[in-house]
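Hello,

Here is the structure I promised to pass on. My notes follow below it, so please have a look and tell me what you think.

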Amino acid sequence: MARVIVMDLSRHNTVMVGHDRYFVLHEGERSLLVRDHCPHRGGPLSLARRTPDGRRLSCPWHGTKVGVSAVKRSCLPMVRSGDEAVVVLPDTGDPVSVIHKEILANLPPDPTHDEGAESR
Amino acid sequence: MTVQPQAAPAAPRAGGTLGKRILAFAGHPLFRGDPQVVHGRNPYRRMLAPGSLAEADFDRPPGPGEWAAHRSLAAHRLLGTFYEAETVLLPEQGLDGLYEDFDLFYGPDLKELREGSVSDLERFAFGCLDEAVDVSGAATPEVLEAYFQHVVEEAAAGPSPALTAIAGARDRKSAADLYLVQLALDGLTEASAMSRNLAGAYGPEQSALFKIFIDEFGYGVYDAKHTTIFAKMLRSRAMATHVHAYWNFYLTGPLATNNYYYYLSRDHAKFFRYAGAVTYAEAVFAPAFVEMIKVFRDIFGDAVDLHYCDEHAHIDEHHGRITRDQVLLALAGRHGPRVVPELLRGIAEARLVGGWFEDDTAAQIRWSDDLPRHRELAGSARTGSEPPRRVVLTAESPFGTRCHDGDVVLEVERGEADLVTTPTGPPERLARGEAVLIPGGRLYGIRPATPETACALHAVPPA
């Protein structure tokens, strides 16, 4: 059976489920709860900046580019109504907490980003 | 009548094409109102306050936080009228004397205006839901079930703001009547929106929905029909029972709630959203009516006929189960994950719009129950530097109600006026020089108590 948690998006933007962290990624008008985990070595994508075209996140650990659409596909089921978001989690038994963290991934694309940095 | 300058600069403020079409509709003689506070036994006439409508900017839809704005009230009054013109309304006493109004209401001129405006007006009135709600993530039937269970438990646990406001009011009877009027909006034409989703062929879910519809219609027995027993409840309170007698007292939130189900039902692309919404509604009705019975019994004892509430407290337990298992979850199972986000959205939107109903009704009860304090607040309110808008009323002026986007101080400059804020409570008499603060979003009407009454409306800038 699933578990339900309620977040106040005006106060919280991050959910911890056991050792896994999820953050609220803004995509246009929508808010998505995505895994804060770079598929390369697990870097914190919440601290990634968008590439100038806005389509990828540049992981702060190793500069790996992760497509925003791929990150979006990993999002947890969530229904947002105003500032309230109801999130449905699998019932793994892990402790859950809701916090506020700095999210750089929601800032506008980084104009200083060097497209070739990770390949050097 | 409505509070407005007699020569309002209507067209320039009403916005572009939609505004002009709407003004043409609302300016029709059927919708100009008459001096009576309660509408007569004529379902085709209803006050659309064309003067105050002219102030509304129909180029700028209300945002999610503006559901109580004046233009939202104006839009929902119109939308409700549009939708009902797609249903059959006949006066109980017969059409004698009303043939002409029947022809006008359903006739080609208004029909053309309606059909040319309804989609734009829906986008105007309900566009804010697109911003207010979103559904994300892999929505499976399991997620749907978990979310649904969560919101239903939450609704069952929480007190109703409107019923809490009634219980805490000084004049509990008037407050309870005001609540009944909000229910009357749907109660006297119950299940009309739902009827639009019964046609077609969509399997056992269609039959499940039809069972509910049959219950609403009393299995074809007029005395058992839900609208009939709703009228009994009104009659026990010595209130009028004809459709939209209390049109002037429908609040924005209840109008939006009622219209929401028509909005979904009119467009079958929104069918799955409708299924989510109706399932939520049926699931939360039963506990709500149990609470209503307690509050009303406490106020009126045995003097009120609560058969309607008893019926719903009972039957909606079954309807809640049927819609959940045989409509909502069955549709998700049969049609797959692609439809689940729409089912979830319908639940979330119904919950949100239902919250508008509750909050609006509670706020109106609190304001109309505490007018002496609003007289005091008028004395200390800082009005802006803008010159006030002036209104002159006579005994022949049509009566209408409205609200304002922000706080306003109403001052009687000449003659005397009755401030009307509830359908059955005593009006508040305002003598020359007296003033009252009308909070933003609160509904009111003014009735002249002298042959000629002049009022000034001073806007109060936000603090």
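This is a predicted model: local features need pLDDT of at least 70, side-chain atom pairs count only at pLDDT 80 or more; totals for chains, interfaces and linings use all residues.

Residues are numbered from 1 along each chain as its sequence is written, chains are lettered from A and ligands numbered from 1 in the order written, and side-chain values use heavy atoms, without hydrogens and water.

Let me start with helix H11 of chain B, residues 226-236, which is mostly covered: eight of its 11 residues are buried. Those are B:His226, B:Thr227, B:Thr228, B:Ile229, B:Phe230, B:Ala231, B:Met233 and B:Leu234. Their cover includes four helices of chain B, namely H9 (172-187), H10 (204-216), H13 (271-300) and H14 (307-335). After H11(B) comes B:Ala238, with a positive phi near 55 degrees.

Stepping back to the whole of chain B, there are 16 helices and nine strands, counted as DSSP runs (helices are H or I with at least four residues, strands E with at least two) and numbered from the N terminus. The radius of gyration of chain B is 22 Å, close to the 23 Å from the globule rule for 463 residues, so the chain is as compact as a globular protein of that length. That radius is taken over C-alpha atoms, and the rule is 2.2 Å times the number of residues to the power 0.38. Of the 463 residues of chain B, 58% are buried. Among contacts in chain B with a separation of 6 or more, 81% join residues 24 or more positions apart; contact here means heavy atoms within 4.5 Å.

Now to chain A. An unreviewed UniProt entry places the feature "domain: Rieske" at residues 1-63 of this chain, though such annotations may be inferred rather than shown by experiment. This span is 0% helix and 48% strand, and its end C-alpha atoms lie 38 Å apart. Further along, A:Pro90 sits in strand E9 (residues 84-90). Is A:Pro90 buried or exposed? A:Pro90 is exposed, with a relative accessible area of 51%. Its C-alpha atom is separated by 17 Å from that of A:Asp36, 54 residues away along the chain.

Best wishes

Terms used
Buried means under 20% relative accessible area, exposed over 50%, partly exposed in between (1.4 Å probe, protein chains only).
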